[in-house]
Amino acid sequence: MSSNNNLLVKLNNAGYQHNDKWLVKGVSLRVEKGKIVTLIGPNGSGKSTTAKIALGIYKKIDGEVEKYTNKVGYVPQKISIDWTLPLRVRDFMLLTENLKDESINEALSLTGVIHLKDKNLGNLSGGEFQRVLLARAISKKPELLVLDEPVQGVDFTGEIALYELIKKISDELNCGILLISHDLHTVMSATDHVVCLNGHVCCSGSPIDVAKNNEYKALFGEQASQILSRYEHKHDHVHTNDGEIKKN
Amino acid sequence: MFDDFFIRALVAGLGVALVTGPLGCFVVWRRLSYFGDTLAHSALLGVTLAYSFELNIAFSVFIISSLIALILIQLQKRTNLPGDALLGLLAHSSLAVGLVVIGFLTFIRFDIMGLLFGDILAVTVDDLLIIWIGGALILLVLKLIWKPLFASTVNYELAEAEGLNPDRAKAIFTILMAAIIAISIKMVGLLLITGMLIIPAAMARNISDSPQKMVIYSIIGGLLSVVIGLFSSLEFNTSSGPSIIAASLFLFILSLLNIKQSIKLKN
């Protein structure tokens with residue numbers, strides 16, 4: 001029963017169709033406290049759809065969704081803010097939750113955009129806006145974080161720092177994270193569970209298991225498989241001073 | 001104090017402006033100006049029904065406008081017609097039906113101009129009560145649904161994902177729109193109610209950098225429009241509705257000048 005207390009959201013054979021076309025079908029997964037579950041898969045494989053099913057944005061779905069928390073932080077993949085709204089970063093931070101100023105400052109500092117607090121949302125660059133979105137999602141100290149490509153458009157060093165931040169948040173807040181990402185390198189080092197989608201669940205398991213899976217290899221190619229495996233960290237050899245490899 | 005028709009009109013107008021300020025901001029943000037127009041056009045039908053069955057005008061208009069809003073939602077679900085075509089269909093057909101019904105009501109003398117453009121002479125003490133009590137209720141409900149309504153205005157999926165129930169907020173907001181039209185029809189007239197909602201809010205948009213400021217400026221703009229409009233209506237013997245709207249247009253133009261100046265200052 002203890003594992004059930006940690007359960008935040010559970011999809012049981014869930015699917016969603018739009019205009020008679022299945023966007024995704026037969027997805028089962030569970031996100032628990034303190035765990036990072038990553039969805040990978042090619043474009044149009046149903047990653048964002050799966051996230052929206054888990055969040056309850058899509059209501060007419062196939063299968064079942066059980067959500068055990070209402071403290072949710074969401075970073076959508078696409079978001080367009082209308083110019084008709086005069087909205088500063090500080091107003092945006094208060095969108096779904098009444099936060100204290102300290103919490104806002106803390107979150108904005110963590111993602112490195114505290115200096116933008118009084119700027120108009122429409123004047124931010126893509127990467128800056130993405131950092132604000134992430135700050136908004138973590139500021140309410142959610143139990144469940146759903147991050148749909150949270151670092152798109154962020155510069156390279158920022159990307160690494162933000163992924164480290166996401167890992168840190170998962171540890172510190174003990175929140176569950178459902179992450180969607182294309183960047184196999186950065187993600188895999190922190191992920192507990194990988195679900196590989198291609199309209200359905202093509203394979204799932206630990207990063208290592210998925211990397212060895214033949215369907216995964218067929219979908220992503222041999223190279224991607226090697227990327228995943230690299231995070232296995234079996235130190236089966238050492239480098240000598242002259243660069244030679246010495247097997248253990 | 002309410003014996004004087006002008007004082008009554010002023011008190012009524014100020015009450016209306018207090019409510020149209022914040023509602024108008026949402027109309028601008030959510031791009032609902034034609035939706036507001038449609039509800040307002042259907043109000044004529046509500047007025048004729050009020051006369052036919054001796055109902056309270058505000059009550060009857062509220063019922064008919066809410067009904068039209070419901071029909072619109074159903075039509076959106078069941079047809080493939082674009083939203084603006086549906087709005088036009090409902091607006092003009094309900095206006096036409098309203099006018100046809102007036103034709104049948106030969107036993108009542110109608111002041112059509114008063115209905116379309118507002119008539120300050122027509123405001124009674126009962127109307128004042130309806131405006132101020134109804135207005136207070138509208139503002140109270142708007143305050144209660146503010147968070148989900150505003151969040152879903154910014155982004156529907158964020159609001160839904162983070163548990164704010166935006167659909168319910170939207171439905172309630174539609175009822176509030178019908179209610180504001182019902183209580184303000186005598187003051188502003190049904191052809192110009194949407195102007196009262198949009199123009200002060202548009203003026204406020206020009207000079208605000210946050211949603212709260214926009215709401216406050218929109219209210220102030222509406223109040224000023226009512227005062228300026230009604231005094232000039234008295235002075236020049238013009239209809240109250242057009243005078244108020246013209247005053248709000250004047251403020252809107254002023255707000256444009258303000259933008260130019262601030263750009264100049266920055267350079």
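Me: Before we look at any residue, what counts as two residues being in contact?
Reply: Two residues are in contact if their C-beta atoms, placed from the backbone, lie within 7 Å. Leaving aside neighbours within four places in sequence, B:Thr194 is in contact with B:Ser33, B:Gly36, B:Asp37 and B:Ala40. This is a predicted model, in which local features need pLDDT of at least 70 and side-chain atom pairs count only at pLDDT 80 or more, while totals for chains, interfaces and linings use all residues. Residues are numbered from 1 along each chain as its sequence is written, and chains are lettered from A and ligands numbered from 1 in the order in which they are written.

Me: Is B:Thr194 buried or exposed?
Reply: A residue is buried if 20 or more other C-beta atoms lie within 10 Å of its own, exposed if 12 or fewer, and partly exposed in between, with C-beta atoms placed from the backbone. B:Thr194 has 25 other C-beta atoms within 10 Å and is therefore buried. B:Thr194 is found in helix H9 (residues 193-207) of chain B, where helices (H or I, at least four residues) and strands (E, at least two) are DSSP runs numbered from the N terminus.

Me: How do H1(B) and H10(B) pack?
Reply: Axes are lines fitted to C-alpha atoms, for helices over the stretch in contact, and angles run from 0 to 180 degrees between N-to-C directions. H1(B) and H10(B) pack at about 150 degrees, with their axes 8 Å apart, and are therefore roughly antiparallel to each other, the term for angles over 145 degrees. Among the residues making this contact are B:Leu14 and B:Ala17 of H1(B) and B:Ile219 and B:Val226 of H10(B).

Me: What is the strand order of the sheet in chain A?
Reply: Strands of a sheet pair through backbone hydrogen bonds, either parallel or antiparallel, and two strands are taken as paired if DSSP finds at least two bridges between them. In chain A, an open sheet of 3 strands has the order E2-E1-E4, with antiparallel pairing. Strand E2 (21-32) and strand E4 (62-67) stand at the edges, each with a single partner strand, so one side of each is left without a neighbour in the sheet. Strand E1 (residues 7-18) pairs with E2(A) over 8 bridges, and A:Ala14 stands opposite A:Val27 in E2(A).

Me: Which helix packs on this sheet?
Reply: Helix H2 (residues 47-55) of chain A does so, touching E1, E2 and E4 of chain A, and its direction makes about 125 degrees with that of E1(A).

Note on methods: Parallel < 35°, antiparallel > 145°, perpendicular 65-115°, else oblique.
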